[in-house]
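Okay, thanks for making time for this one. I'd like to walk you through a structure and point at a few spots as we go, so please have a look at it first.

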Amino acid sequence: MLRIIFRSAVVWAILGLASGVYWREVTKFAEYDGATQLSTAHTHALALGMTILLVVLSIAKVFGTAEKRTTLFVILWNVGVGLTFGVMIVKGSLQAFGVEFAASPMWSGIAGLGHMITAGALVFLFVIVRRALKTAEVPEGVAV
């Protein structure tokens, strides 16, 4: 499980860095200087995808939470962040090229679904950590 979490974090790091380059190049190619969803896609991938999964990797290693619940969290997290990130890339690309379909409220709905899945996964992570803290062996003199 630890390798899966690590590999997921690496994939998000690559996607985050690549989407930053993509944002710059697409807007330059399209000669677009306004705001697009592309401008925040790379930070979502790096902060939510890579950083959070590295934190989860640390938690799983320290508390030994590499179990079915952690697997479910990682799946939900990747789906939620992936859905949000994917919509940002598609909508941002459409915005850069001036496609009217970019203004469709459908994009907000799909991204909202991704945010809901991510929020649910985050709550689930707190449940996992709380359970790990309850069962963790704590050295004498340390309050939990």
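Predicted model: local features only at pLDDT ≥ 70, side-chain atom pairs only at ≥ 80, totals over all residues.

Residues are numbered from 1 along each chain as its sequence is written, and side-chain values use heavy atoms, with hydrogens and water left out.

Let's go inside. By nonpolar core I mean a set of buried Ala, Val, Leu, Ile, Met, Phe, Trp, Tyr and Cys residues joined through side-chain atoms within 4.5 Å. Buried is under 20% relative accessible area, exposed is over 50%, and partly exposed is in between (1.4 Å probe, protein chains only). The largest nonpolar core here has 26 residues, and those with the most contacts inside it are I5, W12, L53, F73, W77 and F85. Who supplies it? At least two residues of this core come from each of α1 (2-29), α2 (38-63), α3 (68-96) and α4 (105-135).

Take I5 as an example. Which residues does I5 touch, not counting those up to four places away in sequence? They are L53, V56, L57, A60, T70 and V74; contact means heavy atoms within 4.5 Å.

Now the rings. A search of the whole structure finds four aromatic pairs. The rule is that rings of Phe, Tyr and Trp (its six-membered ring) pair if their centres lie within 6.5 Å; planes under 30 degrees apart count as stacked, over 60 as edge-to-face and the rest as tilted. In one of the pairs, W12 and F85 have ring centres 5.6 Å apart and planes at 90°, so that's edge-to-face. W12 is in helix α1 and F85 in helix α3, so this pair ties together parts that are 73 residues apart in sequence. Both W12 and F85 are buried.

F101 and W107 form an edge-to-face pair too, at 5.5 Å centre to centre with 70° between the planes. Here F101 is partly exposed, with a relative accessible area of 44%, whereas W107 counts as buried at 10%.

On to charges. The charged end of R24 sits over the ring of W23, 4.2 Å from its centre. To count, NZ of Lys or CZ of Arg has to be within 6 Å of the ring centre and within 35 degrees of the ring normal.

How many salt bridges are there? The count comes to one, where a salt bridge is a side-chain nitrogen of Lys or Arg within 4 Å of a carboxyl oxygen of Asp or Glu. It joins the side chains of E25 and K28, at 3.5 Å, N to O. Why might that spacing work? An α-helix has 3.6 residues a turn, so residues three or four places apart point the same way. E25 and K28 are three residues apart in helix α1, about one helical turn. E25 is partly exposed at 42% relative accessible area, and K28 is exposed at 56%.

Next, a few single residues. S19 is in helix α1 and is buried at 5% relative accessibility. Beyond its neighbours up to four places away in sequence, S19 touches A41, H42, F85 and I89. A13 and A45 are 32 residues apart in sequence but 6.9 Å apart in space, C-alpha to C-alpha.

Over in helix α3 there's T84, buried at 4%. Leaving aside neighbours within four places in sequence, T84 is in contact with H44, A111, G114 and H115.

Last stop, the loops. α3 is followed by G98, whose phi is positive, near 75°. E31 sits in the loop between α1 and α2, and its phi is near 55°, a positive value in a residue other than glycine. E31 is exposed, with a relative accessible area of 75%.

That's my tour, thanks.

Key: Helix = DSSP H or I, 4+ residues; strand = E, 2+ residues; numbered from the N terminus.
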